[in-house]
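Could you walk me through this structure, one selection at a time? I have it open in my viewer and would like to know what to click next.

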Amino acid sequence: MSKILTIPSNLNEIEKTIDLVDGFIIGIKDMCVNTNFCIDIEDLNLLNKIKDKDIFISLNKNMHNKDLEIVKEILIKLNSYNIKGVLYYDVGVLNIYNKLDLNYDLVWSQEHLTTNYNTINYWNSKGAKYANISSDITEEEVIKIIEKSKSKLMVTLFGYLPMFVSKRHIVKNYLEYFKLNDESNINYIEKEDKTYPIIDNSIGTQVYSNNILNGIKSSLNINIDYIVLNSFKVELDKFIIVIEMFKTVNKDNVEEYNEKINSMFTNVDYGFLNTKTIYRVKKNDKKA
Amino acid sequence: MIKKPELLAPAGDLERLKIALKYGADAVYIGGPLLNLRANAINFTFDEIKEGVKFAHSLNKKVYVTVNIVLHNEELEELEEYLKKLEECKVDAIIVSDPIVVKEALEKTNLEVHLSTQASTINKEACEFWKNQGVSRIVLGRECTKEEIKEIIDNVDIEIETFIHGAMCAGYSGRCVMSNFLTNRDANRGGCSQICRWDFDLLNEDKEQIKGDMPFTFCSKDLSMLKYIPDMIDMGITSFKIEGRMRSVYYIATVISIYRKVIDEYCDKNDKYTYNNLNELILRRCANRDSVPQFFNGVYDSSCSYYNGRAEISNQDFLGIVLDYDVHTKIATIEQRNYFKSGDVVEIFGPEHNIITYKLDKIFDEDGNEIDVVRHPKQIVKIKIEETLNIDDMIRVKLV
């Protein structure tokens with residue numbers, strides 16, 4: 001049976017859900033994206049309050065040279081805490097990790113690039129014993145990855161999905177250019193009646209899907225180490241219900257649970273779990 | 001002695017490959033029949049790759065093939081055979097982003113491997129990692145500043161390639177899948193539908209519209225490093241890359257010839273080199289968007305953004321291409337690309353000579369009849385001109 005990891009939104013949520021879940025993904029401030037709850041490097045002792053849970057730390061931003069010393073410092077400090085692993089996007093993190101003798105694992109977590117089993121096995125051979133599978137692939141592809149990968153695996157099956165990260169301050173630039181005032185912590189962009197959360201923070205700009213992924217049906221078919229549930233922009237009471245359903249779902253109640261989640265939120269879909277992306281839209285008559 | 005960097009051009013097909021090399025590129029990068037990020041371009045067949053490689057090698061120049069998609073399970077099966085076929089084509093390197101392609105290429109072929117900008121490599125630790133894996137060149141992420149590039153070059157002994165001209169992604173390469181979500185087209189497998197160029201409504205946290213004079217967009221201006229070429233040469237960057245495998249022959253010829261000239265002038269004259277505004281003007285005229293140095297100077301504020309309601313200029317400057325020149329009769333045969341007429345003053349440029357300014361006093365059709373206007377696409381016409389022209393010289397409107 002898969003363990004349940006959540007990406008919590010705040011400390012209160014961790015306290016309220018700690019008995020329901022198997023672990024958490026927590027970010028380090030200014031060193032991660034798409035991770036709702038981030039702690040300061042000086043506040044790592046907070047991790048000691050989360051006992052007997054699988055804790056994963058996210059350092060998943062793109063690292064520039066100036067970040068590298070900080071990454072090293074964080075990786076060393078984390079060795080004093082009981083964590084399972086560190087999620088990385090930037091290969092520089094892995095290179096630093098491999099120069100240190102650390103007692104936790106690395107999680108290859110390149111959001112949209114973790115799309116096949118051989119590349120997962122490649123990173124496994126380079127030191128990343130876990131992989132966080134992309135949410136841009138189908139259930140069938142996830143199952144094949146699970147069959148053929150050597151790594152321990154996690155996949156997100158609930159929540160808004162990240163779809164864009166930039167170093168640019170795209171919202172701030174727009175406001176500044178047109179001399180507009182707005183103090184929102186979060187904005188939205190809208191197109192054809194669909195709204196997408198957009199955040200412009202110290203790291204740059206991040207954009208999320210308009211719909212919440214509801215992968216509870218797939219959770220029955222995907223026999224994976226960890227199922228990840230993301231509470232970003234989801235009310236806590238509803239999120240707790242979602243966690244409980246993912247913990248207790250079985251073939252008898254799956255349809256009921258699925259409908260329940262769909263009715264709890266106005267914007268729910270199955271993401272790419274049942275939709276294959278395409279990339280060739282023009283016919284090319286040339287023969288190879 | 002200044003080390004001259006490689007000038008690396010995009011080529012969408014054989015015609016553009018030959019034009020790019022003739023106009024001064026030291027190497028070209030192309031897409032093969034599979035696994036490249038321009039899935040909807042025409043791309044090269046294996047026979048065309050072989051022909052392109054043969055042509056390039058005859059000029060002591062190089063051809064790199066992009067194998068830069070992010071692979072899904074289903075693409076793994078065709079990878080090894082495809083890489084071996086590229087090896088048979090004698091390509092000089094492949095440009096790769098998925099690490100499994102790096103591994104397969106290095107273990108199962110003798111292909112040289114360059115790491116694509118799609119891998120968003122922007123720091124020295126990541127560069128060191130890839131060097132240790134056997135990658136021979138890294139195309140840095142476009143978010144790097146001048147200082148970051150220098151620090152990487154100073155600390156890691158590996159060839160570094162950077163973009164100097166062309167369109168920019170709004171996000172970190174590989175981290176934008178807006179195309180997947182909004183159009184179901186897979187950005188990391190060559191299907192990008194360029195959502196970053198769309199207009200959106202921007203809303204505040206209460207979902208009320210925040211309205212500027214123009215719509216909200218992710219669109220960024222293009223990159224142009226013309227002013228910074230001397231700095232970049234001094235930094236020791238190995239290869240200067242121009243974006244645009246889908247661009248026209250005119251764009252390729254113009255951009256390559258300008259950068260060729262600037263690189264050569266700086267390397268030859270060094271302290272005596274001076275920046276020529278005319279080069280900038282020519283580049284600006286052949287682009288359809290404004291351009292800036294983007295992240296190089298560490299400035300990526302609203303001056304890098306492009307708010308114009310998607311109005312992009314369609315370039316009409318390219319008038320024709322020289323198909324033939326008879327040195328005895330002084331008659332040039334020209335294929336039309338845009339409307340021109342007798343009496344127009346035009347410029348003729350090519351890799352073998354300086355820009356020629358010429359007044360089109362008389363224009364003749366293929367049968368030798370004098371005509372006033374050339375309005376039909378690809379219409380063949382003849383002009384008499386004393387200066388010797390060469391095949392593939394280009395005719396454009398007079399710019400200044």
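Domain bounds, in this tour, come from an automatic or database domain assignment. With that in mind, select chain B: it is divided into domain 1 (6-304) and domain 2 (318-397).

Before going on, a word on what is on your screen. This is a predicted model, in which local features need pLDDT of at least 70, side-chain atom pairs count only at pLDDT 80 or more, and totals for chains, interfaces and linings use all residues. Residues are numbered from 1 along each chain as its sequence is written, while chains are lettered from A and ligands numbered from 1 in the order in which they are written. The model scores ipTM 0.96 and pTM 0.95.

**Stop 1**

Keep chain B selected. Its average pLDDT (the predictor's confidence in each residue, from 0 to 100) is 94, and 98% of the residues score at least 70.

Now colour the two domains of chain B separately. Their centres, taken over C-alpha atoms, are separated by 33 Å. Where they touch, domain 1 of chain B contributes 7 residues and domain 2 of chain B contributes 5 residues; contact here requires C-beta atoms, placed from the backbone, to lie within 7 Å. On the domain 1 side, look for α1 (14-22) and α9 (249-269) of chain B, the elements that give two or more residues. α9(B) gives the most, with 3 residues.

**Stop 2: chain A**

Switch to chain A, which has 9 helices and 13 strands. Its C-alpha trace spans about 55 × 55 × 45 Å along the principal axes. Of its 288 residues, 51% count as buried, a word that asks for 20 or more other C-beta atoms within 10 Å of the residue's own, again placed from the backbone (12 or fewer is exposed, in between is partly exposed).

**Stop 3: where the chains meet**

Show both chains. Here 62 residues of chain B are in contact with 62 residues of chain A. On the chain B side, α5(B) supplies the largest share, 5 residues.

Which strand of chain A pairs with β8(B)? Select β9 (residues 187-191) of chain A: this strand and β8(B) pair in the antiparallel sense over 3 bridges, where pairing takes at least two DSSP bridges. Zoom in on Tyr188(A), whose bridge partner in β8(B) is Leu203(B).

**Stop 4: a helix covered from both chains**

Finally, select helix α6 (residues 170-177) of chain A. Ile170(A), Val171(A), Asn173(A), Tyr174(A) and Leu175(A) are its buried residues. Their cover includes β8 (152-166), β9, β10 (194-201) and β11 (204-214) of chain A, together with β8 and β10 (216-217) of chain B. Just after α6(A), stop at Lys179(A), which takes a positive phi of about 55°.

Definitions and conventions: Contact = placed C-beta atoms within 7 Å. Helix = DSSP H or I, 4+ residues; strand = E, 2+ residues; numbered from the N terminus.
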